[in-house]
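Here are my notes on the model, as numbered points. Have it open beside you while you read.

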Amino acid sequence: MKKILFVVGSTRRQSFNRQVADYVCELLQSRAEVSCLDYADVPFVNQDIEFPAPESVIRVREAVKAADALWVFTPEYNYSYPGLVKNLFDWLSRPLTAGDYETPTPIREKRVALTGIGGAGKTSKCREKLAELLTFIGAEVAEPSLGLRVDMAAWGTNQLTLDEEQKAQLAEQADSFLGLL
């Protein structure tokens with residue numbers, strides 16, 4: 001069974017993207033082994049602490065390396081991805097040993113699916129820029145990515161309700177992504 005590591009781009013407890021990830025986890029239940037990456041404790045990239053890497057960075061790198069694929073669920077902040085997400089991928093793109101640019105990083109050639117839920121733009125700019133970043137650092141971005149719009153009631157309740165069309169789109173993306181692994 002393939003191992004898919006979820007990366008949720010928001011640390012908010014009632015994050016809409018976390019709720020979408022939870023729904024996709026249910027969709028994949030019997031078809032893939034799913035886990036969610038805990039990376040809130042990863043420090044900002046800083047060459048003063050890069051070697052040896054902090055324990056949290058080592059843990060995250062090992063989790064990514066052990067996964068067959070990643071699935072990123074992220075909100076859009078100011079037409080881009082959150083700094084938390086950028087910092088994670090910056091660490092994953094750095095060499096494991098000082099000066100060793102030959103050994104592949106854990107993110108290199110890793111298949112990555114992208115999904116985002118947000119406002120009217122359905123995270124389109126975020127997904128576009130994140131795909132560009134991931135491609136640059138050597139990941140293989142699965143197409144198409146999927147953007148969803150938060151239902152209006154959820155903005156006040158923090159309880160996301162996916163409509164039937166959104167559920168069908170997520171199921172289609174899940175099937176497509178599993179077909180690539």
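1. Start with the largest nonpolar core: of its 29 residues, Y39, V60, L88, F89, L114, L130 and L134 touch the most other members. By core I mean a set of buried Ala, Val, Leu, Ile, Met, Phe, Trp, Tyr and Cys residues joined through side-chain atoms within 4.5 Å. Elements that each supply at least two residues of this core are β1 (2–8), α2 (55–66), β3 (69–73), α3 (83–93), β4 and α4 (124–136). Helices (H or I, at least four residues) and strands (E, at least two) are DSSP runs, numbered from the N terminus.

2. A word on the ground rules. This is a predicted model, with local features needing pLDDT of at least 70 and side-chain atom pairs counted only at pLDDT 80 or more, while totals for chains, interfaces and linings use all residues. Residues are numbered from 1 along each chain as its sequence is written, and side-chain values use heavy atoms, leaving out hydrogens and water.

3. Back to V60: leaving aside neighbours within four places in sequence, V60 is in contact (heavy atoms within 4.5 Å) with L37, D38, Y39, V42, L88 and L92. There is also a second, separate core of 26 residues, which includes V20, A32, A142 and L148.

4. Now α3 and α4. Their axes (lines fitted to C-alpha atoms over the stretch in contact, with angles from 0 to 180 degrees between N-to-C directions) come within 11 Å and cross at roughly 10°. The two helices are therefore roughly parallel (under 35 degrees). V85, K86 and F89 in α3 meet L130, L133 and L134 in α4.

5. Helix α1 (residues 16–28) packs against helix α6 (residues 164–180) at an angle of about 60°, with the axes 10 Å apart. On the α1 side the contact is made by V20, Y23, V24, L27 and L28, and on the α6 side by K167, L170, A171, A174 and L178.

6. Last, I117, which sits in strand β4 (residues 111–118).

Technical notes. Buried < 20%, exposed > 50% of the residue type's maximum accessible area, 1.4 Å probe, protein only. Parallel < 35°, antiparallel > 145°, perpendicular 65-115°, else oblique.
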